[in-house]
Amino acid sequence: MREKVLVLNQDYQAIGVCSVERAFVLVYLRKAEMVEKLSNKVLHSVRSEFAFPSIIRLFSYVRVPFRRVALSRANIFRRDGFQCVYCGSKQHLTLDHVVPRSHAGRDTWENLVTACQSCNTKKGNRTPEQAEMEMNRKPFRPSYIMYLSNFSERVHETWRPYLMQ
């Protein structure tokens with residue numbers, strides 16, 4: 001049971017992802033309701049079968065502080081889809097500073113991108129404009145909801161309306 005379940009707050013805003021076991025316990029204890037279930041799967045006990053949750057909604061509102069996605073190597077790769085922003089390669093990936101550190105470039109979401117070793121070497125200690133290299137997409141700070149949808153290996157179609165709010 002490696003499946004994940006989307007957890008919604010009382011106002012139907014996505015606040016997290018949990019395991020199927022945790023979601024089932026919340027529903028069973030009447031702390032949450034099942035909004036969507038997977039029709040092709042069921043949970044079994046000794047004597048009963050239960051619906052397999054895909055999305056649950058908490059009955060009481062949980063105040064969630066503003067969440068930021070941590071700036072890390074893995075999260076930069078995840079944001080860029082594990083491919084070089086210059087050539088699209090998925091081999092030998094590294095991090096690249098758009099504005100190099102030697103030119104006062106900082107470690108920020110907007111200044112770090114995924115690059116393959118050959119593009120990173122070609123760019124060298126220059127900006128993309130100076131190296132005459134074009135980025136396929138601009139670097140940006142991902143939202144927590146975007147991070148949630150990327151956290152799960154496979155986002156269920158039923159999750160999309162709740163993640164795109």
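Predicted model: local features only at pLDDT ≥ 70, side-chain atom pairs only at ≥ 80, totals over all residues.

Mentor: Numbering starts from 1 along each chain as its sequence is written, and side-chain values use heavy atoms, without hydrogens or water.

Trainee: In what order do the strands of the open sheet come?

Mentor: Strands of a sheet pair through backbone hydrogen bonds, parallel or antiparallel. Pairing here requires at least two DSSP bridges between two strands. Helices (H or I, at least four residues) and strands (E, at least two) are DSSP runs, numbered from the N terminus. The order is E2-E1-E4-E3, with mixed pairing across 4 strands. E2 (14–19) and E3 (32–44) are the edges; each has a single partner strand, so one side of each lacks a neighbour in the sheet.

Trainee: How many bridges join E1 to E2?

Mentor: E1 (residues 4–8) and E2 run antiparallel, joined by 5 bridges. Leu6 stands opposite Val17 in E2.

Trainee: Which strands does helix H1 touch?

Mentor: Contact means heavy atoms within 4.5 Å. H1 (residues 20–28) packs on the sheet and touches E1, E2, E3 and E4 (49–58).

Trainee: Where is Phe82?

Mentor: Phe82 lies in the loop between H2 (73–79) and E5 (93–97). Its phi is positive, about 55°, although it is not a glycine. His92, in the loop between H2 and E5, also is not a glycine and has a positive phi of about 50°.

Trainee: Is His92 buried or exposed?

Mentor: Buried means under 20% relative accessible area, exposed over 50%, partly exposed in between (1.4 Å probe, protein chains only). His92 is exposed at 57%. Phe82 is partly exposed at 42%.

Definitions and conventions. Axes fitted to C-alpha atoms, helices over the stretch in contact; angles between N-to-C directions.
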